[in-house]
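Reader: Please walk me through the structure below, one question at a time. I'd like to know where each answer comes from.

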Amino acid sequence: MNQTWGWLKGGIILGLVFFAAAAVVKPIGVSTQYVIADCLIFCSITPDLAQEITQEDGSVIYKSSNPYLNKSKGKYVKAAKKPGNYGFVFVFAMFIGGWLAAKFGNAKIPNDEKWIPRVWSENLGASWGKRMTGAFIAGFMILFGARLAGGCTSGHMMSGMMQTSLSGYLFAMGVFVIAVPISIILFRR
Amino acid sequence: MLKQILLGLLFGGAFGFVLHKVQATDPNKIIGFLRLTDMHLAKVILFAIGFSSLLLFVGLAIGFIPASHIHVKASYIGVIMGGAIFGVGFGLGGYCPGTTVAAWGAGRKDAIFMILGGLLGAWAFVLSYGWLLNNMSWLFDSVISINETNKVTLAETGNPKNPALFSMPGIIVTGVIAIIFMAAAFLLPDQIRSASTEN
């Protein structure tokens, strides 16, 4: 039995999660953590990218040779040096949450859809390589776009519009003006 | 440190669980929404935004939530352009940066490739940021000029960093917006157009 939630129940609970996170910690956001994960990998290869400097008075500052990572007093560098922080743990926990929902929430993925979603195979074919290439390119674009925009669906659209932020409305407009025609053209069946 | 980790586990875990239960982790549902053949997720999202917004501004109004918890992002040209680039990948892949992580947890393996592409895309932006700043600085121009940072909201939040476009009590502005969003969730049909059945 596939027990997923209807839109009203789902909307209420999703709204409660966004509200509770903002009330207790801060508004939810995900895409920043991709930069932190990248820095965990690439900054170890090029140490100049993530510098942790203890000053004479004992305080620690974070700097980077990269202008993006150096932003806001090196907050990305700091997060990558201390990955046991709220935002990074949050994204790992999302994986666990998805796993729990599928395993114990009676919402398993159909076996024939574990690699390729039905809407993709019906329209663009059952080629494994094609779907994985498409997903990779799509992933590249959503994160490049989200970083340029300063947030993604969760940070801009959900948390942003929850706070009535103008930026949330601008992001949503940019997304749907492009994503709707692309989906209509690519996925006709 | 431990408190941060526990809160991250709690809220991240709840978020991932809920995303899967509302089927936001399902590319069939995301693409169904984007091609307007299955508006389930549109209704979920509209209701969630309206409902959470109402709770948040009631919380701010009665002092239950400090205004310092408001974190609003700046409104610059790159928000729209970045959204458009995001839109291409969203319409093609059917996952967003967060839902793809929960989808992987739930057992969708193509989500792994979406995440790998995402890691490369985020890093490509990190590496091109300096160039973009020098050569395409218009991307970072504000769409509005109210103060230095232009982290603008529609409704008054009480946070001095975030000027509001409507100078009336925040709860009134939010109340109107929340009612529109939640009503839209009810009124939106289950599908706006049908998928082609031709071969």
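**Contacts, helices and the join**

Reader: Of the contacts in chain B between residues at least 6 apart in sequence, what share joins residues at least 24 apart?

Author: Two residues are in contact if their C-beta atoms, placed from the backbone, lie within 7 Å. For chain B, take the contacts between residues at least 6 apart in sequence; the share joining residues at least 24 apart is 59%.

Reader: And what is that share in chain A?

Author: First, a word on the source: this is a predicted model, where local features need pLDDT of at least 70 and side-chain atom pairs count only at pLDDT 80 or more, while totals for chains, interfaces and linings use all residues. Residues are numbered from 1 along each chain as its sequence is written, and chains are lettered from A and ligands numbered from 1 in the order in which they are written. In chain A, among contacts with a separation of 6 or more, residues 24 or more positions apart account for 47%.

Reader: How many helices and strands does chain B have, and what pattern does it follow?

Author: Helices (H or I, at least four residues) and strands (E, at least two) are DSSP runs, numbered from the N terminus. Chain B comes to 7 helices and 0 strands. Along the sequence, that reads α-α-α-α-α-α-α.

Reader: In what order do the elements of chain A run?

Author: Chain A has 8 helices and 2 strands. From the N terminus on, they run α-α-β-β-α-α-α-α-α-α.

Reader: What percentage of chain B is buried?

Author: Buried means 20 or more other C-beta atoms within 10 Å of a residue's own, exposed means 12 or fewer, and partly exposed is in between, with C-beta atoms placed from the backbone. In chain A, with its 189 residues, the buried part is 53%. In chain B, with its 199 residues, the buried part is 56%.

Reader: How many residues of chain B are in contact with chain A, and which helix of chain B gives the most?

Author: On the chain B side, 108 residues are in contact with 110 residues of chain A. Helices 1 to 7 of chain B each supply at least two residues to that side. The one that gives the most, with 18 residues, is helix 6.

Reader: Which way is the crossing of helix 8 of chain A and helix 4 of chain B, left-handed or right-handed?

Author: Axes are lines fitted to C-alpha atoms, for helices over the stretch in contact, and angles run from 0 to 180 degrees between N-to-C directions. Helix 8 (residues 166-186) of chain A and helix 4 (residues 77-93) of chain B have axes that come within 7 Å and cross at roughly 30°. A crossing is left-handed if the near helix is turned anticlockwise from the far one by less than a right angle, and right-handed if clockwise. Here, the crossing is right-handed.

Reader: Who makes that contact: how many nonpolar, polar and charged residues?

Author: We're still on helix 8 of chain A and helix 4 of chain B. Their contact divides into 18 nonpolar, 7 polar and no charged.

Reader: Why is helix 4 of chain B called largely enclosed?

Author: The expected span of a helix is 1.5 Å times one less than its number of residues. For the 17 residues of helix 4 of chain B that should be 24 Å, and the end C-alpha atoms are 25 Å apart, which agrees. Helix 4 of chain B is largely enclosed by the rest of the structure because the number of its 17 residues that are buried is 14.

Reader: What covers the buried residues of helix 1 of chain B?

Author: Helix 1 (residues 2-21) of chain B has 20 residues and reaches 28 Å, close to the 28 Å expected. Its buried residues include F11(B), F15(B) and F17(B). The cover includes helix 5 (99-106) of chain B, together with helix 1 (7-24) and helix 4 (86-104) of chain A.

Reader: Which residue just after helix 1 of chain B takes a positive phi?

Author: Just after helix 4 of chain B, a positive phi of about 80° belongs to G94(B). Just after helix 1 of chain B, a positive phi of about 70° belongs to Q23(B).

Reader: Which residues does Q33(A) touch?

Author: Q33(A) lies in helix 2 (residues 32-42) of chain A. Q33(A) is buried, with 24 other C-beta atoms within 10 Å. Leaving out residues up to four places away in sequence, Q33(A) touches G87(A), F88(A) and V91(A).

Key
Ala, Val, Leu, Ile, Met, Phe, Trp, Tyr, Cys and Pro count as nonpolar, Asp, Glu, Lys and Arg as charged, and the others, Gly among them, as polar.
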